[in-house]
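My entries follow the order in which I checked things.

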Amino acid sequence: MKIHEYQGKELLRAFGVTVPQGFLAVTVDVTLQEAERLSFPMVVKAQIHAGGRGKGGGVRLVKNKAELQEAAKSILGMQLVTHQTGPEGKKVKKIWVEQACDIARELYLGVVLDRSRSRLAFMASLEGGMEIEEVAHKNPEKIFKVWVDPAVGLQSYQARDLAFALALSGNQIKNFVVFAQGIYAAYIGMDASLMEINPLVVTKSGDLLALDAKVNLDDNALFRHPEFKELLDPEEEDPTELEAQAHNLNYVRLNGNIGCMVNGAGLAMATMDIIKFCGGWPANFLDVGGGVTPESVTEGFKIILRDKNVKAIFVNIFGGIVKCDMVADGIIKAAKELGIRVPVVVRLLGNRAEEGATLLNGSGLSLTAENDFTKAAQKVVSLAKGK
């Protein structure tokens with residue numbers, strides 16, 4: 001689950017991570033009123049779930065009340081376009097105003113799970129303020145890493161190693177160790193899936209501050225943190241994905257034109273892989289679960305068909321617990337109810353798969369049953385291309 005910068009900073013503050021003082025505002029009047037608590041200069045930041053806000057005009061340094069008023073008026077309500085929003089952009093409905101600081105250096109610090117090692121990876125770079133993907137591509141030698149043993153946690157010597165790599169000195173090294181251990185405690189304590197401080201700034205007085213904070217929380221751990229559900233901003237989420245969650249469906253929109261409906265995450269990944277292998281492009285990830293029902297099939301079709309780019313649909317069901325003929329019956333009923341106009345290729349394998357294929361082939365609808373995985377993928381790719 002993604003959260004806003006200001007929310008991430010407030011959570012980090014609770015773990016002793018130093019962040020600038022600031023306030024949230026949704027109107028120009030509130031901005032001017034709350035600004036009395038801070039002193040100029042200040043920084044006005046658009047709050048959307050996307051990076052690159054500064055390049056898009058969503059971050060402004062202001063030196064007086066008139067500039068603050070103009071910046072708040074300009075940013076609030078703007079359609080902010082960044083490399084992460086796409087050309088349509090996102091409307092800014094709230095801003096975070098914080099105390100500006102004297103920046104001596106900008107660094108990068110990030111934490112993410114390295115699944116290949118089953119350990120958290122701490123990444124640091126001298127190239128703060130830049131996109132870390134760009135740094136990794138052009139100057140990978142400028143990214144320094146340490147891996148944390150979950151049995152003992154982040155050790156002081158590991159934090160010092162990163163501090164030395166970042167060319168910190170004196171009290172800055174001690175401050176960095178405390179800062180990094182606070183980040184580690186926050187990551188573990190909040191069940192985060194990603195934490196990025198970019199930039200991590202060293203002030204002219206030698207202090208370290210999280211000038212930005214990108215924090216993603218693990219959805220699967222929210223049962224341990226019911227209070228985090230209040231951090232969800234529905235207006236920043238894909239409404240289709242929210243609807244899928246309401247029906248216990250796992251859906252992620254992609255950029256292709258072949259809709260996918262599969263039961264099981266592993267099979268779903270394999271389905272998208274083979275579509276790509278055959279020259280197609282998946283339009284979504286949709287896992288309807290192992291206990292797929294006619295109702296979930298109907299909801300799945302509704303969600304897929306909201307994407308106007310979908311030219312064909314691939315339904316790939318393995319019948320273990322579930323009966324394939326029951327799924328086939330659900331597909332037929334959904335096709336009739338929804339008036340599905342795009343071709344649908346259905347692969348059924350396992351429990352009562354032959355009976356399910358018989359139902360599909362006798363339906364008189366634009367439903368093609370094919371139990372061979374490769375042939376089914378080739379067929380749906382061909383249909384999506386209008387062949």
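**Notebook: salt bridges, cores, cysteines, pocket**

I began with D149, which is partly exposed at a relative accessible area of 27%. I took buried as under 20% relative accessible area, exposed as over 50% and partly exposed as in between, with a 1.4 Å probe and protein chains only. The model is predicted, so I kept to its limits: local features need pLDDT of at least 70, side-chain atom pairs count only at pLDDT 80 or more, and totals for chains, interfaces and linings use all residues. Residues are numbered from 1 along each chain as its sequence is written, and side-chain values use heavy atoms, with hydrogens and water left out.

**Salt bridges**

Which side chain does D149 meet in a salt bridge? I found R119, at 3.7 Å from N to O. My cut-off for a salt bridge was a side-chain nitrogen of Lys or Arg within 4 Å of a carboxyl oxygen of Asp or Glu. D149 sits in the loop between β9 (143–148) and α5 (156–165) and R119 in strand β8 (residues 119–125), so the pair ties together parts 30 residues apart in sequence. I took helices (H or I, at least four residues) and strands (E, at least two) as DSSP runs, numbered from the N terminus. R119 is partly exposed, with 32% relative accessibility.

I counted 22 salt bridges in the structure. I then looked up K90, which pairs with E236, their closest N and O atoms being 3.3 Å apart. K90 belongs to strand β5 (residues 90–91) and E236 to the loop between β12 (214–217) and α7 (239–246), so this bridge ties together parts that are 146 residues apart in sequence. K90 is partly exposed at 21% relative accessibility, whereas E236 is buried at 12%.

I also noted R352 and D325, a salt bridge with the closest N and O atoms 2.7 Å apart. R352 is in the loop between β17 (344–350) and α11 (353–361), and D325 is in helix α10 (residues 324–338), so the pair ties together parts 27 residues apart in sequence. R352 is partly exposed at 36%, while D325 counts as buried at 17%. I also recorded one network, in which salt bridges with shared partners join E5, K9, K45, R53, E98 and D212.

**Nonpolar cores**

I defined a nonpolar core as a set of buried Ala, Val, Leu, Ile, Met, Phe, Trp, Tyr and Cys residues joined through side-chain atoms within 4.5 Å. The largest has 43 residues, and F122, F176, I183 and M195 have the most contacts inside it. Helix α6 (residues 171–190) gives the most to this core, 10 residues. I listed the contacts of F176 (heavy atoms within 4.5 Å): leaving out residues up to four places away in sequence, F176 touches L109, A159, L162, A163, L166, L168, L200 and L208. Apart from that core I found another of 32 residues, including V292, V310, I313 and V344.

I looked up F314 next, in strand β16 (residues 312–319). F314 is buried, with a relative accessible area of 0%. Beyond four places in sequence, its contacts include I258, C260, M261, I275, V345, F373 and V380. I checked F314 against E227 as well: the two are 87 residues apart in sequence and 38 Å apart in space, C-alpha to C-alpha.

N198 is in strand β10 (residues 192–203) and is buried at 18% relative accessibility. With residues up to four places away set aside, I found N198 touching L107, Y108, G128, G129, M130 and D212.

**Cysteines**

How many disulfides does the structure hold? I found zero, taking a disulfide as a pair of cysteine sulfur atoms within 2.5 Å. The sulfur of C260 is 12 Å from the closest cysteine sulfur, in C278, which is too far for a bond. C260 is buried at 2%. C324 is in no disulfide either, the nearest cysteine sulfur being that of C260, 18 Å away. C324 is buried at 0%.

**Pocket**

I ended with the largest pocket, lined by 44 residues, of which K2, E237, D238, E241 and V252 lie nearest its centre. A pocket here is an open set of points on a 1 Å grid over the protein atoms alone, where a 1.4 Å probe fits, with protein on both sides within 12 Å along at least five of seven lines; lining residues have an atom within 4 Å of a point. The elements giving two or more residues to the lining are β5, β12, α7, β13 (250–253) and β15 (284–287).
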